[in-house]
Amino acid sequence: MVLPVSPEVDRLTRRMRSPDFEDWKRKVKSVAGCTRPVHLSGRWAIQDTHSGAELAARSGQIMTPCGNRRESVCPACSDRYAADAFHLLRAGLSGGSKGVPDTVAEAPRVFVTLTAPSFGAVHNRRVSPTTGKTMPCACGSFHHEHDPARGQPIEPDSYDYLGHVLWQAHVGPLWNRFTTYLKRHLARAAGIGSREFGHHARVSYAKVAEYQRRGVIHLHAVLRLDGPAGPTDTPPAWATTELLTETIQTAARAVSVTAPEVEGQRRVLTWGEQLDVRPIRAANASQLENERGEITEDRLSSYVAKYATKGTSTSEAIDKPIRSQGHLDLLAINPHHRRIIQTAWNLGAPVACPDCHPNHPHAGDGCPCHSRTGSCPTCHGGGQVARTTREHYLRPDTALEVDPLDALKTRRWAHMLGFRGHFLSKSKHYSTTFTQIRADRRQYRHDSVLDELGVTDDQITVINHWDMVSVGHDSPEETELAEAIAHRIRLDRQQRYEHEKRRN
């Protein structure tokens, strides 16, 4: 079959036929196909400490991975992040690695999904749990799996966008309060005081945030009951999976956070009605979930790590903070996400300066404040200030250090649809850290080089100096070819994994 020649193919072919292509390809493979590599220029060398002889060296320009966790930005680096997340989660589930004893597999463990409440009906694709057939949406239509209308409000004008943004901004406080309530409920069930709980047991967790199509966060978490010293300590006799499950359900229902006052209303924020709590058993099955609804360790670690690499959705993600209204207006996003971002942007807007605008709002370029003699000492001629500045000016003796709405920093996090937290986080004693995993990888590579040279650390001096030259590839053609290289590396890795799995 002869394929027609297109300008796109010619464009890539010209780059592939260029004299420096093989050298460029070698560098891209060294960063696993990173689409936004950091170009460095400098020198690395290993010298014999006693003789000064150079045992190994590299100089010139090199590439290093960008390290972005989002698949929409860099598939190659998101794969590495997901692999690190898998090992972090797996160590806390099964133990036997990363400094976590294998006895944690015997501790009470559950997989929890905490959801967001409803802020208005959205288009969805429901499937009957009994027949498996697709059910009509509330709008009366049947939506296919990839219908862009899914997740969009049925009635946008009645959708509670303000409540949506405020809830997103308080997911972190809701989670913190949930863990506090959980410890209290566990202490009450065990017949001990809340302040004594830390002397008897410890709740360890790892959680990941997942964006839904409607633009809200769901939290997936692994919770484990340890002894007071953490994973190396045996849990108390009363610590069971059944007790942990029951107290999670009661604690989640009891949690609430009051949002700052907006438009004369203070909203009480809670978790959604849907709450899923499932026990975790040892990794000896081939499915994520067995017939009893239990979760296996290997599949769970991969499942949770996958969400840590996603953006605001699988098809569109805003990866940088929004700088201005003009920036927001130019975003190529769906109308629902645009209104969420606009609401967050407006919520964090500055207010009229109380010094030069005591009785009227700021009117932009035509505002009378610009004709004032001398610059305003409060707003410095800008006409607007943060809410915190206004409150300190009007009520210097009673104003809070930071206004509650300013503390939410909704403009800074508008590109995240108001969510201010980390996508993957864990408690101190759950398992290892990303920093340690990456340090171990660097140490492994360092030791491999020394083994090849036949020397030890006390015999050498390492010279390592690099300066940044640029970020990213030089052309769209190079970015596209790097994506293809990353895809090939991913397929090869999957094939090796499947081959090793069949052999074992």
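**Chat: cysteines and strand β7**

Me: How far is the sulfur of cysteine 77 from the closest cysteine sulfur?

Reply: It's 3.6 Å from the sulfur of cysteine 74, which is too far for a bond. A disulfide here is a pair of cysteine sulfur atoms within 2.5 Å. By the way, this is a predicted model, where local features need pLDDT of at least 70, side-chain atom pairs count only at pLDDT 80 or more, and totals for chains, interfaces and linings use all residues. Residues are numbered from 1 along each chain as its sequence is written, and side-chain values use heavy atoms, leaving out hydrogens and water.

Me: Is cysteine 77 buried or exposed?

Reply: Buried, because its relative accessibility is 8%. Buried means under 20% relative accessible area, exposed over 50%, and partly exposed in between (1.4 Å probe, protein chains only). Cysteine 379 is buried too, at 9%.

Me: New topic: how many residues of strand β7 are buried?

Reply: Ten of the ten, residues 217-226, so the strand is largely enclosed by the rest of the structure. Strands are DSSP runs (E, at least two residues), numbered from the N terminus.

Me: Which ones point the same way as each other?

Reply: Ile217, Leu219, Ala221, Leu223 and Leu225 point one way, and His218, His220, Val222, Arg224 and Asp226 the other.

Me: And which strands pair with β7?

Reply: β3 (residues 109-114) runs antiparallel to β7, joined by six bridges. β6 (residues 202-211) is also antiparallel to β7, with ten bridges. Pairing needs at least two DSSP bridges.

How values were computed:
Helix = DSSP H or I, 4+ residues; strand = E, 2+ residues; numbered from the N terminus.
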